[in-house]
2 protein chains.
Amino acid sequence: MAKKRTTTLKELANELKLSISTVSRALNDHPDISPATKEIVKNLAKKKHYAPNLFARGFRSQETHILGVIVPNISHLFTSTILKGILEEAEFRGYRVIISESQNNESKQIEMLKTMTQFGVDGILMSLAKKTAALDAILQILNHKPMVLFDKVSDKIPCTQIVIDEEEAAYNAVEHLINLGKKRIAILKETENSFNSEKRYAGYLRALRNNEIAIDEKIILSTEDISLKNGSRLTRMLLSLKKRPDAIFAITDNAAIGAIKALHKFNVKIPQEIAVVGFSNSVNSTIIQPALTTVDQPGDRIGRTAVAYLIKEIENPDNDEAIKTVEIKTSLLVRDSSFTA
Amino acid sequence: MAKKRTTTLKELANELKLSISTVSRALNDHPDISPATKEIVKNLAKKKHYAPNLFARGFRSQETHILGVIVPNISHLFTSTILKGILEEAEFRGYRVIISESQNNESKQIEMLKTMTQFGVDGILMSLAKKTAALDAILQILNHKPMVLFDKVSDKIPCTQIVIDEEEAAYNAVEHLINLGKKRIAILKETENSFNSEKRYAGYLRALRNNEIAIDEKIILSTEDISLKNGSRLTRMLLSLKKRPDAIFAITDNAAIGAIKALHKFNVKIPQEIAVVGFSNSVNSTIIQPALTTVDQPGDRIGRTAVAYLIKEIENPDNDEAIKTVEIKTSLLVRDSSFTA
DNA sequence: AACGTTGTCGCAAACGTTTGCATAAGAATA
DNA sequence: TATTCTTATGCAAACGTTTGCGACAACGTT
């Protein structure tokens, strides 16, 4: 490849017999420069395909207009939907985005955080790896760089956090089951004290209490990895109880689908005998039979607002008070797994 | 936030009463520097958390160690799996990755290409937007920057391309149906002359010819947007034919799932009356009943090899001849939609 | 006629790093 | 002892851009 160097300010200046500074200012529409000069400079710039060396600019101004993003797992539909929102909003605002994947590995996560700040990103968007425990490194970086957390967050980190209304969403989902006449509602959740799982569990409890339904530990089931397989496994446990539940609220679509598969195997009628509600609105929720009632999480809106808050913080760094938790509204999509016409 | 400036070479030099150049060389293990000096420099550097300003370094050396990636749609499982591979391999090789989404918009794609080169990425990985027609801008950039295409490629662009063995995979899928005893095999494909669709169609034709099965235009169906809905629609068309097919090869899992849904609605037995094969190994392919036979595309391997070839080109730019098309092997996952024990 | 104002433009420094070249001291050789 | 060779270090330029300050006209105003 003929690595033809790109046009620089100096070349333009030489050709026009102007100073570099004048050319620079002309291109940046500085008021000191006469319209006539601007005109000819811009024309030549266009003709020679001038494009500022963003590296030099960033180097000089200490602003890179790059946002760093760290997520646990990029190939997860919800995550990539958030990323889509991030990319769109960032592009719209004139920022570029560097993405890294922590693979749910805490030390990798810290490593990436360091590389990114070292690299000079203007701010950081992060969704925490599971079992993130050592917060000191993160707090350390938070001193230097603006940071916004989304989805997997922690209230131990004092920065703006964008999440969905986990508790509220779970409350609505469970209350929907109650309104259907269900009285024994099981929940499939995570054992680890994951932020999301805890909030959803809280919503579940509040819905039961508010409707004066007794809480039964026997139908509150937890698992380390809230996957399809474990959803099936836990459901089989529920079916072996003397008093079976009449509804299952799974903290995750995958677990809910696992539940449905298990119910099929044991010829349990959905939703008549046992209704099922999931959480995520994954593509699969419409593929499974019966179609799954689930909570729709607007991933792109999470991404967009995260970027919006981060850029606000970048562009006026003084606003120290502005730390807050933003909750994005979700909605319950009622489908066949919890509804009969 | 207290924007405490980061440590620089100058600060280290001052504190040690050494020159900046000595400090720089010491940290880079330059042979001119005595082991003793290296020792003390490195110690202080570690103590003061020195990290080189990559912007300054990239600015100076014109090497950013950043790869630019452009994909049509990030929230597509296959794409994000490729991205996962790209991220992993890049990180392993000491490169960072900037990702942009063209949203299948050609002018946006060109815009991003320009921004990235302007930004100074060392090379570009790209999956083409649909209907990419104006190649001149891309060719122009190809003169300046190393570039590798993957998944959605075009043989009109003279650069290394990483794809799966589309034709071979389709051939195997169709031959699998033939071996099952199927004689009238329909295909659901795309109308647009998309690279992938054309190749798969070619594999379909070759399999039929090789097995001396007549080609019937009536069961070769095309659609602009090869989606679940259109898969259903086209399948209903097939069912209304006098001579129904006994198998359907869909160019996409989504279309195949649409086909299965339509077959269910008309109470057609799968695979006894009509077998179905898809392409992609999406998550959904295991959710649908019956589980879908499909082609497994190793996305992460595509990503990894794309990065490997790109970096090779970056690190020795002379190798002009090395332009080639690399085909990643796929495998057919036989499941219930085309098999009975 | 002297002054202030306004409109254009250039000079030069600065950002942090790398690197070719010069330099100094000491070691090895003649 | 004089010379050349190492070894270890410093000087200064360069990368492309932005920007504070100063220069210099050409005005209009007293």
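Phe339(A) is partly exposed, with a relative accessible area of 44%, where buried means under 20%, exposed over 50% and partly exposed in between (1.4 Å probe, protein chains only). Phe339(A) is placed in the segment after strand E12 (331–333) of chain A; helices (H or I, at least four residues) and strands (E, at least two) are DSSP runs numbered from the N terminus. The model is predicted: local features need pLDDT of at least 70 and side-chain atom pairs count only at pLDDT 80 or more, while totals for chains, interfaces and linings use all residues. Residues are numbered from 1 along each chain as its sequence is written, chains are lettered from A in the order in which they are written, and side-chain values use heavy atoms, with hydrogens and water left out.

**Surface patch**
- Together with Leu180(A) and Val334(A), Phe339(A) forms a nonpolar patch on the surface, with about 250 Å² of accessible area in total.
- Such patches consist of residues with over 30% relative accessible area and no salt bridge, nonpolar side chains (Val, Leu, Ile, Met, Phe, Trp, Tyr) being joined within 5 Å and like charges within 9 Å.
- Accessible areas come from the Shrake-Rupley method with a 1.4 Å probe.

**Relation of the chains**

**Aromatic pairs**
- Over all chains there are 4 aromatic pairs, counted when ring centres of Phe, Tyr or Trp (its six-membered ring) lie within 6.5 Å; planes under 30 degrees apart are stacked, over 60 edge-to-face and the rest tilted.
- The rings of Phe59(A) and Phe59(B) are tilted, with centres 5.0 Å apart and planes at 35 degrees.
- This pair joins two chains, since Phe59(A) lies in helix H4 (residues 54–61) of chain A and Phe59(B) in helix H4 (residues 54–61) of chain B.
- The rings of Tyr201(B) and Tyr204(B) are stacked, their centres 6.1 Å apart and their planes at 20 degrees.
- Both tyrosines lie in helix H9 (residues 195–210) of chain B, 3 residues apart, about one turn of the helix.
- Tyr201(B) is buried at 17% relative accessibility, as is Tyr204(B) at 1%.

**Salt bridges**
- The whole structure holds 28 salt bridges over all chains, each a side-chain nitrogen of Lys or Arg within 4 Å of a carboxyl oxygen of Asp or Glu.
- Lys84(B) pairs with Glu101(A), the closest N and O atoms being 3.0 Å apart.
- That pair crosses between chains, from helix H5 (residues 77–93) of chain B to strand E2 (residues 96–101) of chain A.
- Lys84(B) is buried, with a relative accessible area of 17%, and Glu101(A) is buried at 2%.

**Surroundings of Ile162(B)**
- Ile162(B) is located in strand E5 (residues 160–164) of chain B and is buried at 0% relative accessibility.
- Its C-alpha is separated by 4.9 Å from that of Val326(B), 164 residues apart along the chain.
- Beyond neighbours within four places in sequence, Ile162(B) has contacts (heavy atoms within 4.5 Å) that include Val148(B), Phe150(B), Ile302(B), Tyr309(B) and Ile328(B).
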